[in-house]
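Try each task before reading its solution.

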Amino acid sequence: MDVMAPLMFGGLVVFLLLGFPVAFSLSAVGLFFGFVSIELGFFTEAYLGNLPLRVFGILSNDLLLAIPFFTLMGAILERCGLAEDLLEGTGQLFGKIPGGLAYAVILVGAVLGAITGTVAASVIAMGMISLPIMMRYGYDMRIATGVIAASGTITQVIPPSLVLIVLGDQLGKSVGDMYAGAIGPSVLQVLLFILFIVGVSIFAPHKVPPLPDEALTQRGWQLWWKVIKGMVPSIVLIFLVLGTIFLGLATPTEAGAMGAVGAVGLAIANNRFSWSLLWQATQNTMRITAMVIFILIGATVFSLVFQGVDGAIWIEHMLSALPGGQAGFLIAVNIFIFFLAFFLDFFEIAFIIIPLLKPVAEKLGIDLVWFGVLLCVNMQTSFMHPPFGFALFYLRGIAPKEVRSRDIYWGAVPWVALQLILVAIVIFWPESVTYWIDKGTGVDPSTVRIEVPLPDLPEDDAPPVFK
């Protein structure tokens, strides 16, 4: 039995390297080792009887409804023209200074991340609008492609990130706490990106030139009105989604539903709404939701059998014995997940790896919200490095032919380094996450005693004593 857990993990890695779909690889490995374990007497057939209950628990989990709602919201906003208004206005606003277009892309990427929650929508919209302008006015190709791809991946950390919903579910923490904890790292990520462009504009200004006067077609109140017209609806939608969660007025599922309705309203206000748009958005939502649920069911099959052969104990012994205590564990886990992200996307990592790490983190006394946000910051790098850097794929798909793939991949390198710097900051400065979380009263309800004094009664009227 001691070798079953390592064999299961190794078998899963072999299946994934061979290119089999993750959901079916998880199920196949789990069921195969489950039947083998029954034959070898490690557990009985009754143990696998827990599987239908677990699957039903997944399908009846109200929290997971937030995933299709936020996905639908992002799919609608991707096509409603909001990104175009934001980018055109902020690009003109910052265009006079070196690196102005890059600053605009970073800020708009953060805003789009807060209202769409999807990397594809941000990267595609900013790439189609900003990249041709950057190329036309002499931006370094690697800086231009890197800032667009990286700014799109901010979406994975900024609420309402789908990654944080999944991590909250897997770690048993509220999505509201996960969103609140991600505020600090989100701001730090944007600041790191801006500081990088500031450094480039100081030491290599020729790589990020300002726009010439003839490109600045709008000035004065006309320009400010364009910026305000793009920003105000975005801020309203952000409050509708995130504000209601933080104020306790709505659950993440309810906020996601309101966000989807708000996205339809924005599409109508911009004269972009059509039944074709709604149909395409619902199709995209259906595909992503089905993929997530199938992966989650497969991960449940795998984890049930893995627990049955004491896989959790194997993982715990292996990781809790690392030198350095909490810091050693966090550094080792983040290095492991960084390299794992070369081959798996964030859904797969969250459903396969997080349930194995959670017990060890709890035993070491690590705050699970901090742990989840830290891993979320790390997992955003999966969109930025080969061979499955989806942000790079999206950018390659919409970039002009003269943009070489080599420039796109090399352009991503400094931004991945900035993301890893943020991982280190969150590890060694936990308050960047925990400061924003509601601490409550600090009183354990189980220790509260309420003593009500009884009135003094005459001896004849005293209540009877039963023995």
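**Exercise 1.** Does Leu 48 count as buried, partly exposed or exposed, and why?

*Solution.* First, the ground rules: this is a predicted model, in which local features need pLDDT of at least 70, side-chain atom pairs count only at pLDDT 80 or more, and totals for chains, interfaces and linings use all residues. Residues are numbered from 1 along each chain as its sequence is written, and side-chain values use heavy atoms, with hydrogens and water left out.

Leu 48 counts as buried because its relative accessibility is 16% (buried means under 20% relative accessible area, exposed over 50%, partly exposed in between, with a 1.4 Å probe and protein chains only).

Finally, look at Ile 38, 10 residues away along the chain: its C-alpha atom is 9.3 Å from that of Leu 48.

**Exercise 2.** Which element gives the largest share of the lining of the largest pocket?

*Solution.* Begin with the volume, about 550 Å³. Among the 24 lining residues, Leu 16, Val 22, Phe 343, Leu 344 and Glu 348 are the closest to the centre of the largest pocket. Helices H1 (4-17), H2 (22-40), H15 (275-308), H17 (325-340) and H18 (346-352) each give two or more residues to this lining. The largest share, 5 residues, comes from H1.

How values were computed
1 Å grid on protein atoms, 1.4 Å probe; cavity = no way out; pocket = protein on both sides within 12 Å on 5 of 7 lines; lining within 4 Å. Points joined across faces, edges and corners; volume = space filled by probe spheres on them. Helix = DSSP H or I, 4+ residues; strand = E, 2+ residues; numbered from the N terminus.
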